[in-house]
Amino acid sequence: MLKPPICRMGGKSRLRKTIIEMIPEHKCYVELFFGAGWVYFGKEKSKVEVINDIDKELINLFKMIKYHSPEIERMLEYEFSGRDIFEEYKNYNVEYLTEIHRAIRFLYLIKQSFGGKGDHYGYGTTKKPSQQIFYKGILEELRERLRNTYVENLSFEKVIDKYDREYTFLFIDPPYFETTGYKDKFTKEDHLLLRDKLINLKGKFLLTINDHKETREWYKDFNIKEVEVNYSVSKTKKDKQKYKELIITNY
Ligand SMILES: C[S@@+](CC[C@H](N)C(=O)[O-])C[C@H]1O[C@@H](n2cnc3c(N)ncnc32)[C@H](O)[C@@H]1O
């Protein structure tokens with residue numbers, strides 16, 4: 001199983017095995033809310049694949065890995081960890097950067113920040129800084145993986161309209177209901193629009209969402225499986241928490 005090149009809040013690292021085992025037969029695989037893409041990078045390739053996220057910088061990174069990975073690798077080879085470099089990258093105006101530079105900036109900020117959030121330089125007293133952002137060869141594998149994949153940067157409803165067929169399978173991992181943290185807000189109206197689109201879907205879907213009175217109500221007519229996920233806010237045992245998530249399918 002491949003590992004994503006970045007981390008992302010709400011990433012499906014702990015649940016991906018369960019999700020992958022539940023994927024039904026399909027020809028076209030669509031991820032509407034890609035993030036770091038734990039499920040995509042963990043599963044077998046499908047005939048046709050589509051990945052989508054509304055975050056422009058995130059999608060630019062995957063596009064650049066797909067088309068220009070040797071150049072990204074070359075430019076990152078001598079890059080190293082430093083607070084001043086971090087601040088410089090953070091303060092760049094992306095409008096003036098090339099797409100390759102934007103991808104490098106995004107990667108650097110994620111790899112060198114606290115919790116991969118990109119806003120504060122990550123340092124510590126018990127762990128060395130990660131001096132290299134990437135080691136040779138990793139991007140090559142990711143590029144190979146992205147070969148058969150359409151990379152979209154749209155809001156989810158437009159992707160459903162374009163790719164929904166009887167032979168399409170959608171893996172759907174939207175931002176949790178009533179939680180914040182992404183650049184692009186996801187409101188209750190967005191959640192309801194998604195639910196309405198799914199009611200009329202031709203293909204099959206698997207959706208993950210936080211267990212909440214309202215989310216249960218929205219999806220009460222579909223199959224609901226409850227799962228418990230370990231969530232660690234720090235490495236100490238006492239800070240390991242469990243929370244409930246729902247896996248919802250129409251098959
Ligand atoms: C929970 S994360 C997905 C995590 C992913 N499954 C993983 O394993 O890393 C939700 C993602 O939805 C994206 N997003 C937010 N609003 C969106 C929208 N309207 N359309 C498409 N993507 C959106 C965010 O940028 C974020 O990357």
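This is a predicted model: local features need pLDDT of at least 70, side-chain atom pairs count only at pLDDT 80 or more; totals for chains, interfaces and linings use all residues.
Look at where the two partners sit along the chain. Phe 177 belongs to the loop between β4 (168-172) and α8, while Trp 218 is part of helix α9 (residues 213-218), so their pairing ties together parts that are 41 residues apart in sequence. Phe 177 and Trp 218 are both buried.

A second pair to find is Phe 205 with Phe 222, also described as edge-to-face, at 5.2 Å centre to centre and with 75° between the planes. Here strand β5 (residues 204-210) supplies Phe 205, and the loop between α9 and β6 (223-232) supplies Phe 222; the pair links distant parts of the chain, 17 residues apart. Again, both Phe 205 and Phe 222 are buried.

Elsewhere, aromatic residues gather in a group: Phe 34, Tyr 40, Phe 41 and Phe 62 make up one aromatic cluster.

Now let us turn to a pair of helices. Helix α7 (residues 156-163) packs with helix α8 (residues 188-199), their axes 10 Å apart and at an angle of about 10°. Because angles under 35 degrees count as roughly parallel, α7 and α8 are therefore roughly parallel to each other. The crossing of α7 past α8 is left-handed. On the α7 side, the contact is made by Phe 156, Glu 157, Ile 160 and Asp 161, which meet Asp 190, Leu 193, Leu 194 and Lys 197 of α8. The residues of this contact comprise 4 nonpolar and 4 charged ones, with no polar residues.

Methods
Residues are numbered from 1 along each chain as its sequence is written. Side-chain values use heavy atoms; hydrogens and water are left out. Axes are lines fitted to C-alpha atoms, for helices over the stretch in contact, and angles run from 0 to 180 degrees between N-to-C directions. Helices (H or I, at least four residues) and strands (E, at least two) are DSSP runs, numbered from the N terminus. Angles under 35 degrees count as roughly parallel, over 145 as roughly antiparallel, 65 to 115 as roughly perpendicular and the rest as oblique. A crossing is left-handed if the near helix is turned anticlockwise from the far one by less than a right angle, and right-handed if clockwise. Contact means heavy atoms within 4.5 Å. Ala, Val, Leu, Ile, Met, Phe, Trp, Tyr, Cys and Pro count as nonpolar, Asp, Glu, Lys and Arg as charged, and the others, Gly among them, as polar. Buried means under 20% relative accessible area, exposed over 50%, partly exposed in between (1.4 Å probe, protein chains only). Rings of Phe, Tyr and Trp (its six-membered ring) pair if their centres lie within 6.5 Å; planes under 30 degrees apart count as stacked, over 60 as edge-to-face and the rest as tilted.
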